[in-house]
There are 2 protein chains.
Amino acid sequence: MQGQGHDLGEQRESGSARVAQSLAIAIHEHRLSPGMKLSEDEVGEIYGVSRTVVRAALQELAHDRLVELKRNRGAFVAQPSVKEAREVFEARSLLEPRTAKSAAERATPEDIKILQKHIDAEHAALHAGDTGRALHLSGKFHVEIARIADQFTVAEFIAQLVSRSSLIIALYWQRRTALCESHAHDALIKALARHDGAAAEELMQHHLLDLLTSLDLRDQPSVPKSLKEALN
Amino acid sequence: MQGQGHDLGEQRESGSARVAQSLAIAIHEHRLSPGMKLSEDEVGEIYGVSRTVVRAALQELAHDRLVELKRNRGAFVAQPSVKEAREVFEARSLLEPRTAKSAAERATPEDIKILQKHIDAEHAALHAGDTGRALHLSGKFHVEIARIADQFTVAEFIAQLVSRSSLIIALYWQRRTALCESHAHDALIKALARHDGAAAEELMQHHLLDLLTSLDLRDQPSVPKSLKEALN
DNA sequence: TGCGCTAAAATCGTATACAAAGTCGTGAAC
DNA sequence: GTTCACGACTTTGTATACGATTTTAGCGCA
């Protein structure tokens, strides 16, 4: 989300955008756990900026529901409730299957290559034991599909939902096997490559249902830990 | 100065939220036109707050794509492009029909009453010639349906899309008749009242398509507010 | 007259300062 | 020993200050 999207290597980003993105990635990769407090002074110290820009970054993340702002009490990494978790996947099931269908109908060979690179990086991260990074890349795969469909508005929503899903997974994941992801993505990319919209839609719907059912949506919270460690 | 406490009803909200909401409504009601500049000093003067809180409000609106922030140049009421307009309605057509279906299956008599009140107020505003307010209420109708469906996550997305639609209508509306709205909403509420999910889904889909086709999406962003912009 | 350059004014981006609200620990009363 | 209350400390909310960037106006020159 954050930056308008086209400038990834740019250094021109405003301070708050940089901080927000860094924090967002840290959350995606589960280096920041749900419920952890994000003190303005502490975060500002870490990034070498004043509370002003930290506040802007935290507000941005709060808008994406990655952090929760409590009035006069500060910012905390969000802890999505069970109901919110179901809502997020309900929203994804409304948006992503039909977006995947559109993507299948428009995908170019270059698009497929980019997706394949995502998958390869994801596999590599998984193999290297960096499950956090693998999860982050897995999410980007979903957003990339929306981009291929040439639907930036929907892509933004999906990006937000993917971020929140990462938080949900941190809280409610029950299986230790993260393999299902890879296979589902492999099948999806094949359907996209052969412009099989119906199959892509079906595969995406099934993939999301699989993700949802792999969660244990009866339990409750987890544990916070130190801040500086996670952000180094 | 800075009367910290002139309380108009709910003073629970933080200053920035109050300013953001006020500005958002002004945009919904077309009292602020696309492209209009929102100077931080000027807005702060109007609401009696410092630039700090104005900036927070503008950032919030920027996240909802109601205003566009240009680095070192300030905030402007957004001017959605033709492509963005199509994307917004594409996203709505993904989210709203099936949400209407869910709402139909869950709607209680109280829900129907609330919706009816919305419609009545909308009709009243229309009859009073306050088309801006009618548009605003018409939008709230759509959001309320998502609330009835008990999908707050989707409801937030719809709220944002409805806001952006208001901006799009301001730019691309071609018909002078705003009547279609009312009839469509009347039919929808009837389907909801008799728990006819399929009909509600169909009606909503058709309603959105109607809205989209009532726009003139061939022209470029409409009338520039100032001459300089036109010659920019 | 028209164009380009420079300086002044306005506006934004960020840091700092101060006030209000919240948190936590200590101690006295029961 | 437990509970409640009060005060010092911490953290947030907002205002103000200052440097950076952009815009605009004025002036000189072709």
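I began with polar contacts across the interface of chain A and chain B, and the rule gives 14 residue pairs, both residues at pLDDT 80 or more. A polar contact is a pair of N or O atoms within 3.5 Å; within protein, one must be able to donate a hydrogen and the other to accept it, and residues adjacent in sequence count only if both atoms are side-chain atoms.

The model is predicted, with local features needing pLDDT of at least 70 and side-chain atom pairs pLDDT 80 or more, while totals for chains, interfaces and linings use all residues. Residues are numbered from 1 along each chain as its sequence is written, chains are lettered from A and ligands numbered from 1 in the order written, and side-chain values use heavy atoms, without hydrogens and water.

Next I looked up which element of chain A gives the largest share of the side touching chain B. I found α4(A), with 10 residues; helices are DSSP runs of H or I, at least four residues, numbered from the N terminus.

I then checked salt bridges (a side-chain nitrogen of Lys or Arg within 4 Å of a carboxyl oxygen of Asp or Glu). The interface of chain A and chain B has 4. Lys83(B) pairs with Asp150(A), their closest N and O atoms 3.5 Å apart.

Last, I turned to DNA strand D. For Asn72(A), a polar backbone atom is 3.2 Å from a phosphate oxygen of DNA strand D.

Methods
Helices (H or I, at least four residues) and strands (E, at least two) are DSSP runs, numbered from the N terminus.
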